[in-house]
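Reader: I'd like to learn how to read salt bridges in a model like this one. Could you walk me through it?

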Amino acid sequence: MGVTTIVFYLFLLWIVGMRIMELIIAKRNERIVKAMGAKEFGARHYPWIVAMHVLFLLSFTVESLWKGAEPSPWWPFLFILFVAVQGLRIWTISSLGRFWNTKILVLPNASVVAKGPYRWIRHPNYFIVAMEIWLIPFMFQAYWTALVFSIVNGILLSIRIAVEEEALRSLTNYGEQFAVRPRFFPLRPVK
């Protein structure tokens, strides 16, 4: 086993480890907010999101290994960008606290979280996922995985975001709090 293959497996282990930690946090948060009276939305599309993430990791692994697990010539830049995206992920999760989840769980009459990256955009977590689905495969030249799963993720997010925003608008102050914030890119200043 060469050095590049070892680097690949360590990177993959890191990604899988992060996902497992996120699922543990999400499960704990789910118990907390459901005990507070949160309602779940989007349960019908949630299995598709889970399947997409599992298939993404499998596709990334197979395509990368098929190509020799060679890091991209842009590896140093891509790795720095990856680390920055992980920092944004931690900031996003910590900003939402017990309200962060992989499911759509809405606590009726709650004030939505508008701190951290939520000061500038409505959906930093989805932005992070979209970045990772592009970035992770590019780090090991798995371009087909990046293309296919970016498209699939875009389709699933278009469904998920519509459901999530409708649920938040109907049960919280989301409409008034986030009316001036863009979904993904902070193109205009927040008043």
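**Reading the salt bridges**

Author: Let's start with R169 and E166: about one helical turn separates them, because they sit three residues apart in helix α5. Helices here are DSSP runs of H or I with at least four residues, and strands are E runs of at least two, numbered from the N terminus. Keep in mind that this is a predicted model, where local features need pLDDT of at least 70, side-chain atom pairs count only at pLDDT 80 or more, and totals for chains, interfaces and linings use all residues. Residues are numbered from 1 along each chain as its sequence is written, and side-chain values use heavy atoms, with hydrogens and water left out.

Reader: What do R169 and E166 form, and how far apart are the closest N and O atoms?

Author: The general idea is that side chains of opposite charge can pair when their charged atoms come close. The rule used for a salt bridge is a side-chain nitrogen of Lys or Arg within 4 Å of a carboxyl oxygen of Asp or Glu. R169 and E166 form one, with their closest N and O atoms 3.8 Å apart.

Reader: Is E165 buried or exposed?

Author: First the cut-offs: buried is under 20% relative accessible area, exposed is over 50%, and partly exposed lies in between (1.4 Å probe, protein chains only). E165 counts as buried because its relative accessibility is 1%. R169 is at 41%, so it counts as partly exposed, and E166 counts as partly exposed at 48%.

Reader: What does K67 form with E63?

Author: A salt bridge, with the closest N and O atoms 3.1 Å apart. K67 is partly exposed at 31% relative accessibility, while E63 is buried, with a relative accessible area of 9%.

Reader: How many salt bridges does a search of the whole structure find?

Author: It finds 12. Some residues link up into a network of salt bridges: K27, E30, K34, E40 and K103.

Reader: And E22, which residues does it touch?

Author: Contact means heavy atoms within 4.5 Å. Leaving aside residues up to four places away in sequence, E22 touches R89, I93 and W100. E22 is found in helix α1 (residues 3–35) and counts as buried at 10% relative accessibility.
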